[in-house]
Amino acid sequence: MSITFSIKSTIDARRSARSYQMMPVDQDAMDAIKNFARSMPIPFEHHVAIRFFHADPTKTLYPLMKSPPDNIAFVAETDSISISQAGFVGELLILYAQSKNISSCWYGHYKLAELERLMPHLQSPDQLKEANKGFGYSKGETTGVRAICITPLGYYEDGGLRLMDRITEKTISHKRKEITELLENPDNFSHLSDDLLYALDLGRKAPSAGNAQMWRFGFEDSFNTITVAMPPEYQHFKWEHPNVDIGICACHVWLGLLDRGWQPTVKVSEDAGRAVWKISIA
């Protein structure tokens, strides 16, 4: 598999944008993003659907943020593996959009009723009742599919944020823990090759809800397999589906190994509600 954009520079450049110009994405860029969505080189079988939709310029869909015209939903079933796969697939598309200088932001706390109005996708109106305080996620696994997360696509508007929001977005939101803090066993650090360290460095730069960085890296097969998962019994203080973030991180790690010339295999399994990714170069 090959990636057509610069992996490291794109990951380094990406920021979560929460203020947008109220203008559509340039048609050439949008066509390229849609074409990439149809042919993304995903290294595993999945059933994540990518839905492009338009939104009104209000703060109804995204609380506290006005919607730009162009948006994407990542639709999947709500078991832990499907949710995590939505993170992996969605992040690859979001990074491609970033390579076209298009801003984005992962949103799980969107208003489900408004999304259903703009982009019908639920199997039954009764599913609207499952929304926790009206937000898109449900408490636990539900039937059928739903939009696990959505993202705006557009052009960043720096002047649209309050001063404190701008400081947070440019500093705090992009701080990341060091690799040693994210290892299941910190003693493994001295055994890691340059290629593994490169991949883990890109992994630690993945976005996460509340910048919680809830992933931990382990190793199998004499350090030829990287595992990415939450610690056992991890609970995020407000985000119902942290397995999304684990899939996002796994995507970064996979891209890092690709960038170093490997063709890694990727598998994901479930363990007590956790998605456990195994990315192997052996």
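Helix α3 (residues 80-99) packs against helix α7 (residues 243-259) at an angle of about 50°, and their axes lie 7 Å apart. Axes are lines fitted to C-alpha atoms, for helices over the stretch in contact, with angles from 0 to 180 degrees between N-to-C directions. The model is predicted: local features need pLDDT of at least 70, side-chain atom pairs count only at pLDDT 80 or more, and totals for chains, interfaces and linings use all residues. Residues are numbered from 1 along each chain as its sequence is written, and side-chain values use heavy atoms, leaving out hydrogens and water.

**Helix pair α3 and α7**

- The two helices, α3 and α7, are therefore oblique to each other (under 35 degrees is roughly parallel, over 145 roughly antiparallel, 65 to 115 roughly perpendicular, the rest oblique).
- Helices here are DSSP runs of H or I with at least four residues, strands are E runs of at least two, and both are numbered from the N terminus.
- On the α3 side, the residues in contact (heavy atoms within 4.5 Å) are S80, I83, S84, G87, F88, E91, L92 and L95.
- Their partners in α7 are N243, V244, I246, G247, I248, A250, C251, H252, W254 and L255.

**Nonpolar cores**

- A nonpolar core is a set of buried Ala, Val, Leu, Ile, Met, Phe, Trp, Tyr and Cys residues joined through side-chain atoms within 4.5 Å.
- Buried means under 20% relative accessible area, exposed over 50%, and partly exposed in between, with a 1.4 Å probe and protein chains only.
- The largest nonpolar core has 70 residues, of which L92, W215, F217, V228, W254, L255 and W277 touch the most other members.
- Helix α7 gives the most to this core, with eleven residues.
- Beyond four places in sequence, L92 touches I3, F5, F36, M40, P41, I42, C251, W254 and L255.
- Another core, of 20 residues, lies apart from it and includes Y20, C105, Y107 and L115.

- H252 is in helix α7 and counts as buried at 1% relative accessibility.
- Not counting residues up to four places away, H252 touches I11, E91, L95, A199, L202, G203, K205, A206 and P207.
- Helix α6 (residues 194-204) has nine of its eleven residues buried, so it is largely enclosed by the rest of the structure.
- The buried residues of α6 pack against α1 (7-13), β4 (216-220), β5 (225-229) and α7.

**V25**

- V25 is in the loop between α1 and α2 (27-38) and is buried, at a relative accessible area of 7%.
- Leaving aside neighbours within four places, V25 contacts M30, D70, I102, L153, G154 and Y155.
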